[in-house]
Amino acid sequence: MYLSRFLSLHTLWVTVSSVMQHYPSVWGHYDVCKTQIYTEEGKVWDYMACQPEARDMIKYVKVTLDPPDITCGDPPETFCAMGNPYMCNNECDASTQELAHPPELMFDLEGRHPSTFWQSTTWKDYPKPLHVNITLSWNKTIELTDNIVITFESGRPDQMILEKSLDYGRTWQPYQYYATDCLDAFHMDPKSVRDLSQHTVLEIICTEEYSTGYMTNSKIIHFEIKDRFAFFAGPRLHNMASLYGQLDTTKKLRDFFTITDLRIRLLRPATGEIYVDEQHLARYFYAISDIRVYGRCKCNLHATGCKEENKRLLCECEHNTTGPDCGKCKKNYQGRPWSPGSYLPIPKGTANICIPSISSIGTNVCDNELLHCQNGGTCINNVRCQCPPAYTGILCEKLRCEREPGGCGGRSSAPGRAGAGPGPRLLLPPLLLLAALLAARPPRGC
């Protein structure tokens, strides 16, 4: 009996493990910025590229509608049900909570029945186009890690464009076109993401896959992020190293998955027919019940944390960097030009940390971060190290006996340390040691 239970549990574990292996977490590496390691010279920091975890970015979004009075309910109006477009006794009334459909209902937690949704006014001004722009802004650079998913409570629109901005809404570029007839709507041949390849992954396409009319049971529109990842990482995203390598070396590819804002341009509501039924214009409107955007704060591989402060997302920068995206070196750490971290070499990448400026080290011979007094020395006001009797040097890094006639002469212990060998010596990075030596030299003319 116990054996059979064990085998059953083992089978379950193998099954679960197999499923988890087939669907790895996208971009699930680089979750540590530094770690302490032990070397012959003692304990030192080992720095590596790092990035925050992916999260639901809708929690931090600001939504704007244009025109601003496009939401239904002011004044109240009736509209037709999606399931029966000739049953037109549903009401939208902004002054009554149960009948109101404000924009925030695109992002609330679902689970209630019926589902909550934002809704536009009906197409009562036909033939004037019913155009709506829905802008999602983060005031932060975001790296997308999963598909963008929009769920419509109405039929999916006959014509729609998804756009992106990389400069906080100053300029816009199309991400994808959606239409029941791409050639007629946008003068583009219809394609799907499956028609793309590694070489054409950045191509902007028009798809008819998600615009199948008013009476369809399906409500969802996708912008496929993972399918584009799969061109480099394989169909189940097993070879993430290949994707990381491409993102690291191809700026256009990295920028393609990076945004500060998204804009949903609704250009024509679902009609389900060639001609609009002018006798029943209350059939035609837009309604969205859910928008999903998953990604991570872009921190240039210099942070694992991203916090919300004053309604704005900010990277919790490491590697001596600073700024909303860790895009520059901290004051006194500009010893070399700032550079983003690198995913390569796999798996730890390259941190490209900012190092102390020569001028800042010149004023600080020692400190408690990078320029520690070694071998038990004490830093006095950041200008000198007070060394134990057995040691000397700018940072107490040398045995005093090495400067005496005859050297240390094979001594087995340093003065004051009976029975012990010479204390540990830190091998300083050449730039830091040079800077410390320069700082200790008196200025010319003194």
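**Figure 1. Buried residues of helix α4 in the predicted model.** Helix α4 spans residues 240-249, and its buried residues are M240, L243, Y244, G245 and L247. Buried means under 20% relative accessible area, exposed means over 50%, and partly exposed lies in between, with a 1.4 Å probe and protein chains only. Helices (H or I, at least four residues) and strands (E, at least two) are DSSP runs, numbered from the N terminus. The buried residues of α4 pack against α3 (226-233) and α5 (251-256). Contact means heavy atoms within 4.5 Å. This is a predicted model, in which local features need pLDDT of at least 70 and side-chain atom pairs count only at pLDDT 80 or more, while totals for chains, interfaces and linings use all residues. Residues are numbered from 1 along each chain as its sequence is written, and side-chain values use heavy atoms, with hydrogens and water left out.

**Figure 2. The largest nonpolar core and a separate one.** A nonpolar core is a set of buried Ala, Val, Leu, Ile, Met, Phe, Trp, Tyr and Cys residues joined through side-chain atoms within 4.5 Å. The largest core has 62 residues, of which W118, I134, W138, Y175, L266, I291 and V293 touch the most other members. Strand β8 (residues 132-144) supplies the largest share of this core, six residues. Leaving aside neighbours within four places in sequence, I134 is in contact with V63, T64, L65, M106, W118, L262, R263, I264, L266 and I288. Another core, of eleven residues, lies apart from the largest one; L371, Y391, C396 and L399 are among its members.

**Figure 3. The disulfide of C33 and C50.** A disulfide is a covalent bond between the sulfur atoms of two cysteines. Here the term is applied to a pair of cysteine sulfur atoms within 2.5 Å, and a search of the whole structure finds ten such disulfides. In the pair C33 and C50, the sulfur atoms are 1.9 Å apart. The link of C33 and C50 is right-handed, with 90 degrees about the S-S bond. C33 lies in the loop between α1 (2-22) and β1 (34-39), and C50 in the loop between β2 (42-47) and β3 (55-56), so the pair ties together parts that are 17 residues apart in sequence. C33 counts as buried at 3% relative accessibility, and C50 counts as buried at 0%.

**Figure 4. The disulfide of C80 and C88.** The S to S distance between C80 and C88 is 1.9 Å. Their link is right-handed, with 85 degrees about the S-S bond. C80 is buried at 0% relative accessibility, whereas C88 is partly exposed at 29%.

**Figure 5. The disulfide of C329 and C354.** C329 is joined to C354, S to S 2.0 Å. The torsion about their S-S bond is about -75 degrees, so this disulfide is left-handed. C329 lies in strand β20 (residues 328-329) and C354 in the loop between β20 and α6 (358-363), so the pair ties together parts that are 25 residues apart in sequence. Relative accessible area is 8% for C329, which is buried, and 1% for C354, which is also buried.

**Figure 6. Surroundings of Q334.** Q334 is found in the loop between β20 and α6. With a relative accessible area of 52%, Q334 is exposed. Leaving aside neighbours within four places in sequence, Q334 is in contact with C329, I355, P356 and S357. Q334 and P356 are 22 residues apart in sequence, and their C-alpha atoms are 5.9 Å apart in space.
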